Amino acid sequence: MEYYQIEGGVPLQGEYRVKGAKNAALPILAATICKGGVHEIYDCPRIGDALILTRILEQLGAGVSWEKDCLIIDSRSLTGNAVPKELMEKLRSSVFLLGSLLARTGEATVYRPGGCKIGKRPIDIHINGLRELGFEILEDEEKVTCRGKCRGGRFHLSYPSVGATENLMMAALSGESQTILENCATEPEIIDLQGFLRSCGFGVYGAGTSRIFIEGSRGKNDSMYFIMEDRIEAATYLMAIAGTGGEGILTNIRPELLEEVLTVLVRMGVPLRKYGDRIWVKKPDDGLGRTALKSPGILMTAPYPGFPTDCQPQLLTLATKAKGLTTIREEIFDSRFTHKKDLMKMGANIEICGKNAIIKGTDVLYGRSVSARDLRGGAALVLAGLMAEGITRVEDIYHIERGYEDFPQGISQLGGLIETKNERETKEKSESIGEIAGIDFTDGSHICRAVPSCI
Ligand code: EPU
């Protein structure tokens, strides 16, 4: 079992180039099969979820290869339209294959998707939309099979779900007449999906607004596309730099994608400058050289352009060391305070009342052994470890690796002390040190704090 070992208290300093966006890459990977062709996808993050999705594409008959940071998907010949259950259940984004398989073959069989356990996450809006657009649906507890062609017309989403908007955009490509989706989500990643579909020759307009028009295919098959930057990764690094009392520059990030996050950070006293596609960030200073974060007061998550739910756990961590009371209301998912218990173990003061987390800032967090329970909650625990005194061990890091490409490398590049360790190796080392020192390390309760620096 791998885990991160973090030595806290080191201010992060330097420059970091933001990687391609997970939440743009995943629907785009699924969309590469909407039409047969060879697709060169640049800046695709090598994250767990993308790797699983490419395995599914391979199982459906597509060719997948990487050339440096370019992912090449050859979808000219597909051999199946059923997604294997065990892979389907590994991630939420497998649900996008419903739309893309329908666009390509007029039939798709999928299972209930997996993904982070941050709430109920049904797919009723996806299914209702497909039914309204004319597809025949057969579903039971586990499996959904859809058949047919989009008949066009209008569909009004009952809620601006990001995934349902993207899935329906793809399914609607199977039609000959125009489809209009209303009350769509407006996240920038949806504009990126539209950009990719247009680069393949599809007529899709309006993404980024609540009304999207889909007109189907206009020739052209192959494509070359650059994935947009990951605004959530950028926010995570900004908070890590500010929270550790450092100073740094993020490149490859358009500040306008992060307006709400930047506003909250400014409210917390964090000095920021935006220029071009860069953001400079520095620690909030109390005038005596100490980091002095202020509470941002009350904030709530909301669909774009509101405060992103995907940045909420990281902000909650930051608020644990901000002077005053912070209230964070989670409006998108019903179970997204998964790291609260571990933060409390580290010395944070947090109370959950329904949808609200009430955080009373404290001066110090302490390194502890903690476990990631989902992607962003896990990243937020890494932030806590970097901001804490002593050593933090973050277990179940596969959750984090699903959405952050080589997080330890990025943090180390900024001078942070983080290492990926292996439980077995650590145990073996500890046991032999224990033998030498006459200490029993075998109960696993330690995290090598006693290990001399030469190990
Ligand atoms: N919802 C329904 N029915 C549906 C679809 C959604 O009730 O058919 C509800 C969900 O249960 C949730 C809310 O609507 O309470 C929002 O869900 P949405 O469909 O918008 O989210 P998603 O498509 O499942 C994407 C991102 C998430 C991000 C959300 C919200 C991808 C691959 N995932 O999920 O990213 O939190 O939008 O912005 O784009 C993450 O990166 O950590 C992550 C979870």
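Biologist: Why is Lys 85 called partly exposed?

Modeller: Lys 85 has a relative accessibility of 28%, and buried means under 20% relative accessible area, exposed over 50% and partly exposed in between (1.4 Å probe, protein chains only), so Lys 85 counts as partly exposed. This is a predicted model, in which local features need pLDDT of at least 70 and side-chain atom pairs count only at pLDDT 80 or more, while totals for chains, interfaces and linings use all residues. Residues are numbered from 1 along each chain as its sequence is written, and side-chain values use heavy atoms, with hydrogens and water left out.

Biologist: What makes the contact of Lys 85 with Glu 89 a salt bridge?

Modeller: The closest N and O atoms of Lys 85 and Glu 89 are 3.2 Å apart, and a salt bridge requires a side-chain nitrogen of Lys or Arg within 4 Å of a carboxyl oxygen of Asp or Glu, so the pair qualifies.

Biologist: What do the side chains of Glu 182 and Arg 154 form?

Modeller: The side chains of Glu 182 and Arg 154 meet in a salt bridge at 2.6 Å, N to O. Glu 182 lies in strand β10 (residues 179–182) and Arg 154 in strand β9 (residues 153–156), so the pair ties together parts that are 28 residues apart in sequence; strands are DSSP runs of E, at least two residues, numbered from the N terminus.

Notes: Helices (H or I, at least four residues) and strands (E, at least two) are DSSP runs, numbered from the N terminus.
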